[in-house]
Amino acid sequence: MTGRLIPREAGIHPPLFTPTYKTSVLRSPERALISFDSSPSEETGPTFGHMKLGALDNDLLLNYARPGTSAIGERIIVHGRLLDENNRPIPNALIEIWQANAGGRYRHKKDGYLAALDPDFGGCGRTITGEDGSYAFRTVKPGAYPWPNGPNEWRPAHIHFSIFGHSFGQRLISQMYFEGDPLIARCPIAQTIPDKAALDRLVAALDMGETKPMDAIAYRFDIVLRGHRQTHFENRPEGL
Amino acid sequence: MVQKFDKPILTPSQTAGPYVHIGLAPEACGIEDVPFETLGREIAGPEAKGDRIKITCRVVDGGDLPLRDCLVETWQADAAGIYPGQEGADPAVSGFGRMPADFTTGEIIFETIKPGAIALSGDRKTPPHISFWIFARGINHGLHTRMYFPEDDLSGDPLLARIEHRDRIATMVAEATGPGEYRFDIRLQGAGETVFFDI
């Protein structure tokens, strides 16, 4: 599980300077990142497998709702597996999510969008992956919302994901989109990812097999973090 | 034709956006009745061995404005240079910090212990350092840097030896502002831009 991390493949993550996403212009380094083989500082990381989670931590329909009620909106299940690049499941890993409500409004003091808050929806959840890397959340499908970038810019429906593997060098924050959303192709944030095939991997597929009849529509979203290199002929020549 | 690799491909990164607090620091954004406790608040518990330190940070953009909507995560070893999870690690050290910037000043404060030097293979050691990971609206992929300490000899660090422009190393060294107190400003762009890594 530990050992040298596989270097990040070029062209998958978005570049840092992406002028069509205007906030990146002053928040992106101009100097090249310094590349190096991983060391213990990146090959270790915080682990959360021992954490006691509340029964509703992964159920956003209920975890902020008043007793006897649930959040308003299209009821969905988001599930999938957390894997590494070597196709191994990553068990006991923490996944945290946050999202807007069904109207596209965030429960955040800096969000002034005119869509209403839902008194029964907080918008955050977390879970720990199972032995096979599996995870699941129940929530509402978030709404699209406008944001001040261009004069008429709308974010596609999305759920934010924060993912820990077992080492700090695997740390990832990303967003999940929904199959069939026409706003994905128009979104300056989604389009920071230069490779169409890479962006497609952020789009969760409708999963009728896991859909619960008369209850909730399922979407499947698998997540892949960096893997560790196998140790054939490892000699660590630079003393790391 | 050749054999095809049948391996999954990395999930790409996206910005954490301005509402990252909802998921990762809910009490900071005005959510009452937070359904669960916030992570990363105690890096080193009261029983932890080592010298207590306080680090005050800011993340500054290319227009010299401190980011007031970013989050910073830190990862560090215990006072003996052993990372949590490794054999012999100090059980009172979680090693993991997570703090949002103050919405008015952009200041971020970490209270922890000073980590020890990290053993590498052979007799070599990396001088004490704390790994930083910065994410915010406008940052498409979390930025990784390290904070070193001004009182330490940094000459033996193989990672720092890689940096061709030697004057840039100072961007990763905190400033001592008092006994056990440090200031560490991270500059995203322009003059004095902090060194960021792809490791």
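**View 1. Salt bridges across the interface of chain B and chain A.** Across the interface of chain B and chain A in this predicted model, the rule finds 5 salt bridges. In a salt bridge between R146(B) and E42(A), the closest N and O atoms are 2.9 Å apart. Polar contact between chain B and chain A, counted with both residues at pLDDT 80 or more, amounts to 38 residue pairs. Among the elements of chain B that each supply at least two residues of the side touching chain A are β2 (71-75), β7 (129-135), β8 (143-148) and α2 (158-161), while α1(B) gives the largest share of that side, 5 residues. By residue class, the side of chain B that touches chain A divides into 37 nonpolar, 20 polar and 16 charged residues.

**View 2. Extent of the contact between the two chains.** In this view, 73 residues of chain B are in contact with 82 residues of chain A. The area buried between chain B and chain A is about 7,200 Å², and carbon and sulfur atoms give 60% of this area. L10(B), Q14(B) and Y19(B) supply 12% of the area that chain B buries against chain A, which is more than any other three residues.

**View 3. Surroundings of T126(B).** T126(B) lies in strand β6 of chain B, which covers residues 125-126. Because its relative accessible area is 4%, T126(B) counts as buried. Leaving aside neighbours within four places in sequence, the residues in contact with T126(B) include I118(B), L120(B), Y148(B), D157(B) and R146(B); R146(B) also forms the salt bridge with E42(A).

How values were computed: Residues numbered from 1 in each chain as written. Chains lettered and ligands numbered in written order. Predicted model: local features only at pLDDT ≥ 70, side-chain atom pairs only at ≥ 80, totals over all residues. Heavy atoms only, no water. Helix = DSSP H or I, 4+ residues; strand = E, 2+ residues; numbered from the N terminus. Buried < 20%, exposed > 50% of the residue type's maximum accessible area, 1.4 Å probe, protein only. Contact = heavy atoms within 4.5 Å. Buried area = accessible area lost by both parts, 1.4 Å probe. Salt bridge = Lys/Arg side-chain N within 4 Å of Asp/Glu carboxyl O. Polar contact = N/O pair within 3.5 Å; in protein donor to acceptor, adjacent residues only side chain to side chain. Nonpolar A, V, L, I, M, F, W, Y, C, P; charged D, E, K, R; others polar.
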